[in-house]
Amino acid sequence: MSSGGRVALALFTLVYLHALWRGLSGIGELDFNSLASYYSPLNALRIGKGFFWALALYSALIGAQQEDRARSNRLLTTGLLLGMSGVAAVVLRERGVLHDMVYYQGLRQLLDSLLDFGTSYRITALFADMHTGGEAIDGYLSLVWPFAALTLVTARTRWLAAFGAAVTLAAFYAMVVTFSRGVYFSFGVVVVTACMLGVMKHWKSVPARLLLVTALYIGASVTAAILAFRAGGIAAMLACILGFATGAGYVFGSERGLASSLLRGLATSSALGCVAIAAYAAMTSKWAHMTPGIGISLAASGVLLFALAGARLNHGWREQLGTRNRALASLLLCAAIAAFVPSLFGARMEQRFATSTQDLQHRFAHCRDAVAVLVDVWNTRILGEGVGRFPGTLLLGQATGQGRRRFRVSPGSRKHVPAICRRA
């Protein structure tokens, strides 16, 4: 770490220690609620320990990187992937997937629990703070999944690549079933940022025409997947993904010198099979709000467009990327589409997006309340109430009827609230 970074970290640590001291001030008489209640000053210890854990682990990481940077980064990434695997296992248990696997009663029941994107239940995984709601799981998933994707792309062994692929798919699924708009937005930000950084790094070596064609094909493929999902549900969209694999497989096979006539026959048969699956899904769909003819046309067109995109993109990038990297890029694209399209355009997320304005106004009102209940003295205005004191301060302001205007705490105001709140 640079000298400036050390100074900034030291100053932030001092400020945090002062905030922790302010949070612990006024402990008073201790009882059983002191350790269990959010309104106790000891809540500062529960909140503050996260910073000191991060500070201790960061110091260990710096020391390990000074000894062997590559090994420390590899071990850090492995630890993150193992943590994500644990979260994914708990997510599958919450969704009932593990139960249906153990007490197997048919493929349909297993798929119903796995692919139920209309449920009102939202996962909490291993995060204790989620019992009152919040963004703990959102932040974790948004920060960890890029490490899984990076492991998949840079793995030197097949076992590590398979592990990275499994964790990436699990992370995608976990992000989807949070039904959180913030997670979806952060995923898009990461993808767009990664693409922009890649373009900037290889701007001179990659033709601009290829970048434009790639953007057009990806945009068209996403649109086709949405329309196919609208027409025939998940089955039609998965047929589109298989169509993409068919086009990519044709290019990979031709590069390996397979017999052209046999390869064309296999690709044609596979594409027609995918079209038939998509058409059948559109014809038998109970949820499509369109005539069967339009639904079948959209689903079949989507499959053909995906097959063309798979062939065209992998053929166009053959000079810039090897077969392995093109296959991984195709896997990530198809996995992202298969994971996010059914959720984003399902009934559950449509309902959440419809209430976005109302939810945003509610959050603004909550922020105004949070500012209004601050004690109106100069040190509180600058440094805050202290770590862990917000729940008690907010409850005290609401109990005294001063939740939407600034107030100054007087000794007599505390007698009107429960004893557990007076210590806050």
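Start with the salt bridges (a side-chain nitrogen of Lys or Arg within 4 Å of a carboxyl oxygen of Asp or Glu): the count comes to three. Keep in mind that this is a predicted model, where local features need pLDDT of at least 70, side-chain atom pairs count only at pLDDT 80 or more, and totals for chains, interfaces and linings use all residues. Residues are numbered from 1 along each chain as its sequence is written, and side-chain values use heavy atoms, with hydrogens and water left out.

Asp359 sits in helix 15 (residues 356–372) and Arg181 in helix 9 (residues 181–201), so the pair ties together parts 178 residues apart in sequence. Helices here are DSSP runs of H or I, at least four residues, numbered from the N terminus. Arg181 is buried, at 17% relative accessibility; buried means under 20% relative accessible area, exposed over 50%, and partly exposed in between (1.4 Å probe, protein chains only).

Next, pick Arg230 and Glu350, whose side chains meet in a salt bridge at 2.8 Å, N to O. Arg230 belongs to helix 10 (residues 208–255) and Glu350 to helix 14 (residues 347–354), so this pair ties together parts 120 residues apart in sequence. Arg230 is partly exposed at 37%, and Glu350 is partly exposed at 35%.

Then go to Arg326 and Glu255, a salt bridge with its closest N and O atoms 2.9 Å apart. Arg326 is buried at 5% relative accessibility, while Glu255 is partly exposed at 34%.

Now for a charge without a partner: which residue is buried yet has no salt bridge? Click on Glu94, in helix 4 (residues 69–94). The nearest side chain of opposite charge to Glu94, Arg93, is 6.7 Å away. The Glu94 side chain does reach the backbone nitrogen of Ala125, at 2.6 Å.

Over to the cysteines. Disulfides (pairs of cysteine sulfur atoms within 2.5 Å) number zero in the whole structure. For Cys195, the nearest cysteine sulfur, that of Cys334, is 15 Å away; for Cys274 it is that of Cys240, at 8.6 Å. Cys274 is buried, at 4% relative accessibility.

Finally, color by pLDDT, the predictor's confidence in each residue, from 0 to 100. The protein chain has a mean of 84, with 93% of its residues at 70 or more, but pLDDT stays under 50 over residues 403–424.

Technical notes: Helix = DSSP H or I, 4+ residues; strand = E, 2+ residues; numbered from the N terminus. Lys, Arg positive; Asp, Glu negative; His and termini not counted. Polar contact = N/O pair within 3.5 Å; in protein donor to acceptor, adjacent residues only side chain to side chain. Contact = heavy atoms within 4.5 Å.
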